[in-house]
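Please keep the sequence and the structure in view while reading.

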Amino acid sequence: MSGEQRKTWTSRIGFVLASAGAAVGLGAIWKFPYMAGTNGGSAFLFPYILMTFTVGAALLIAEVALGRAGRGGIVTAYRNLAGRAWVPAGYLGVLTGFLVLCFYSAIGGWTLAYFAEAATGSGLITDQAELGKHFGSFVSDPVQALGFQWLFLLLNGLIVALDVTKGIERISKFLMPLLFVMMLVLIVRGLMLPGAIGGLEFLFKFDPDAFTWSALLQAMGFTFFSLCVGCGCMLTYGSYLDQNSNLVNGCLWITFLAVIASILGGLMIMPSVFAFGLDPSAGPGLTFITMPAVFAQLPFGQVFAVIFYLCIAVAAITSSVSMIEIVVAFLVDEHKMKRAGAAMLSTLALAVVGALPCLSFGKLSDVTFFGGKTIFDLFDFFTSNISLPVGGLIILWLAGVRCWPQIRENITRNTSLSEGAVKFLRLMMIGFSPVLVLVVLVSGLV
């Protein structure tokens, strides 16, 4: 089959919203609130903001610039810019994106299930113990868990089957503004509750006693997770960026929106949690076990529950399409497949392999590795602690050293960046960013 001519985003706003959608995802609404809750609130938030606008932004600019300069997905771009010796590093990126979506799609399925329950009102229960049992029963039921995971993957496959402008860009232009509007509605409602001020203080009032080395490490790791850098998502999106677009400006907008979305995610949840005297350090169950108890006690709680879980589902989809796009772009660029066929093959492969982490909460819960890690944990550990940091180091080396002339030309095109700013960016790429990525890598392994 013949390959297809490479598309470009129809506008800068299309690129920014699609990329922001990739960055926001479940990280902002599901992961940020519980990570902030278990790491001292502001003691986690402030380091995260600082590192995102410095180290994270530099890595994002490096990855997008590699994509635009390489004019292809991660394997094609690495070959075009650095030669065939770097092709295996590109394969690592494709594998990382594939494995992340294998377990991410299981969580995406949970969001669709909880949205359906909110719509029918069946999930609004005040007893958290009962909610915990309900959640455990759902994720361990193979029919329900796999059914919703496959539905989630099908939605992703249908979106990426269209070309980039008609699929990812169009849906992002609609869903991202909708997401922010819905988040604001929930925030306003939460802030109106008596006792909500406790949630604001928890997030924004800096407590030196709450600051720990663990919180700092968690903030470093979440910086890379929240910007979706290291696996090639942003590189692939960068390959669709028009050659005359202001790359640095677009990346800074993406960084800003990712941080704002995370803060809004915290504001959606923490004021309500404190208003009802619930535990902010409930961990991953904060979204699926604690929040239904909140909505059950609110006037018109079902309406707000529907909006809340629709928010999460939208965020999950805008992020996951960027991961499946890594695989689809690889098949189109390297194997000359038609986009629709590549999307279908990718979706089927994800459904088959993704069933393993999905079933690790039920039928395969007794299958463990390396000290008790389930298949879900193993996929998460390999990608989050090994392949994403390693991918980030490769991107920084290629952008800051091996391919710097091409990267410099891309980041200075149609911008008013001073020579000092360019030197600072390169210093971040070859100095501070690799050190912090190495810290995340080593601490994750230890």
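This is a predicted model: local features need pLDDT of at least 70, side-chain atom pairs count only at pLDDT 80 or more; totals for chains, interfaces and linings use all residues.

Residues are numbered from 1 along each chain as its sequence is written, and side-chain values use heavy atoms, with hydrogens and water left out.

**Cysteines**
- The search of the whole structure finds 0 disulfides, a disulfide being a pair of cysteine sulfur atoms within 2.5 Å.
- C358 is in no disulfide, and the nearest cysteine sulfur, that of C102, is 11 Å away.
- C251 is buried at 0% relative accessibility, and C358 is buried at 2% (buried: under 20% relative accessible area, 1.4 Å probe, protein chains only).

**Helices α4 and α14**
- Helix α4 (residues 87-120) and helix α14 (residues 339-359) pack at an angle of about 60°, with axes 8 Å apart (helices: DSSP runs of H or I, at least four residues, numbered from the N terminus; axes: lines fitted to C-alpha atoms over the stretch in contact, with angles from 0 to 180 degrees between N-to-C directions).
- Their contact (heavy atoms within 4.5 Å) includes C102 of α4 and C358 of α14.

**Helix α17**
- The buried residues of α17 include V422, L425 and M428.
- These buried residues of α17 pack against α2 (42-70), α9 (213-226), α15 (375-402) and α16 (404-412).

Key. Buried means under 20% relative accessible area, exposed over 50%, partly exposed in between (1.4 Å probe, protein chains only). Helices (H or I, at least four residues) and strands (E, at least two) are DSSP runs, numbered from the N terminus.
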